[in-house]
Amino acid sequence: MTTLDSPLVIAGRSFRSRLMTGTGKYRSIADMQQSVVASGCEIVTVAVRRVQTKAPGHEGLAEALDWSKIWMLPNTAGCKTAEEAIRVARLGREMAKLLGQEDNNFVKLEVIPDTKYLLPDPIGTLEAAEQLVKEGFAVLPYINADPLLAKRLEEVGCATVMPLGSPIGSGQGIKNAANIQIIIENAQVPVVVDAGLGAPSEAAQAMEMGASALLINTAIAEAQNPVAMARAMGLAAEAGRLAYLAGRIPVKSHASASSPLTGTITQ
């Protein structure tokens with residue numbers, strides 16, 4: 001049935017899986033490796049700064065995955081200004097090249113000065129995106145669920161838009177459904193719901209709304225069994241996408257019998 005779907009295409013590159021995963025917050029490198037495989041994902045995001053500084057939990061991370069099978073999505077996590085994010089994006093591109101992905105210009109753009117709620121800075125994100133697009137990057141910007149900002153980022157040449165479902169790592173699910181729906185309906189680039197998803201039901205909900213893909217990290221990494229949760233999220237993304245393509249029935253205010261009323265036996 002899934003062959004009815006077309007591939008996910010980002011910046012001219014095709015992917016079968018519509019689930020992206022991360023590499024942070026896992027209890028061990030082994031958990032991360034097994035979860036990536038179990039999820040069926042083809043894109044994995046990596047925090048450039050944490051890998052380069054060998055932050056706790058990130059030692060050897062870049063070498064832990066088979067980058068001939070997984071497409072690296074360097075991210076600018078930890079950057080508080082547009083200038084920092086631009087610099088780290090350039091480092092991320094070089095890191096991808098060193099690991100064998102010579103043509104990888106992808107970057108997940110994060111500009112987050114807020115340390116309590118970790119909400120992205122819309123002005124800094126737009127400024128950084130404009131510059132990185134000029135430098136040939138395929139920019140995947142992480143944003144609040146702001147339809148006007150999403151459209152502006154698309155207009156400056158971003159490869160996707162990535163609205164948050166709810167704050168990073170919160171597990172609150174989709175708190176911005178109305179705005180995300182507006183973004184999906186108006187976008188001409190893939191819409192990737194990123195951050196806040198906690199359960200497979202929420203992942204399926206995002207895909208049923210028409211999202212192109214999901215990026216899920218904390219819900220997998222901090223689950224009691226991350227490998228099982230990774231598999232569940234992969235299945236949820238696939239089920240939600242198939243349901244969206246199938247077209248759900250309209251919601252009615254009254255019952256509608258499943259069996260026809262004609263031809264019934266009468267006494």
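Author: Leaving out residues up to four places away in sequence, L132 touches I86, A89, V107, L109, F137 and V139. The model is a predicted one. L132 belongs to the largest nonpolar core, which has 63 residues. Along with L109, V139, L153, L214 and I216, L132 is among the members that touch the most other members. Helix α3 gives this core its largest share, 7 residues. Apart from it lies another core, of 15 residues, including I10, M20, A159 and V192.

Q101 counts as buried because its relative accessibility is 4%, under the 20% cut-off. Its side chain reaches the backbone oxygen of I70 at 2.7 Å. I70 is also one of the residues that Q101 touches, together with W67, W71, M72 and A96, when residues up to four places away in sequence are not counted.

The other is S39, in helix α1, which covers residues 29-39. With a relative accessibility of 6%, S39 likewise counts as buried. A polar atom of the S39 side chain lies 2.8 Å from the backbone oxygen of V36. Setting aside neighbours within four places in sequence, S39 is in contact with L19, T21, A230, R231 and G234.

Note on methods. Residues are numbered from 1 along each chain as its sequence is written. This is a predicted model: local features need pLDDT of at least 70, side-chain atom pairs count only at pLDDT 80 or more; totals for chains, interfaces and linings use all residues. Side-chain values use heavy atoms; hydrogens and water are left out. Buried means under 20% relative accessible area, exposed over 50%, partly exposed in between (1.4 Å probe, protein chains only). A polar contact is a pair of N or O atoms within 3.5 Å; within protein, one must be able to donate a hydrogen and the other to accept it, and residues adjacent in sequence count only if both atoms are side-chain atoms. Contact means heavy atoms within 4.5 Å. A nonpolar core is a set of buried Ala, Val, Leu, Ile, Met, Phe, Trp, Tyr and Cys residues joined through side-chain atoms within 4.5 Å. Helices (H or I, at least four residues) and strands (E, at least two) are DSSP runs, numbered from the N terminus.
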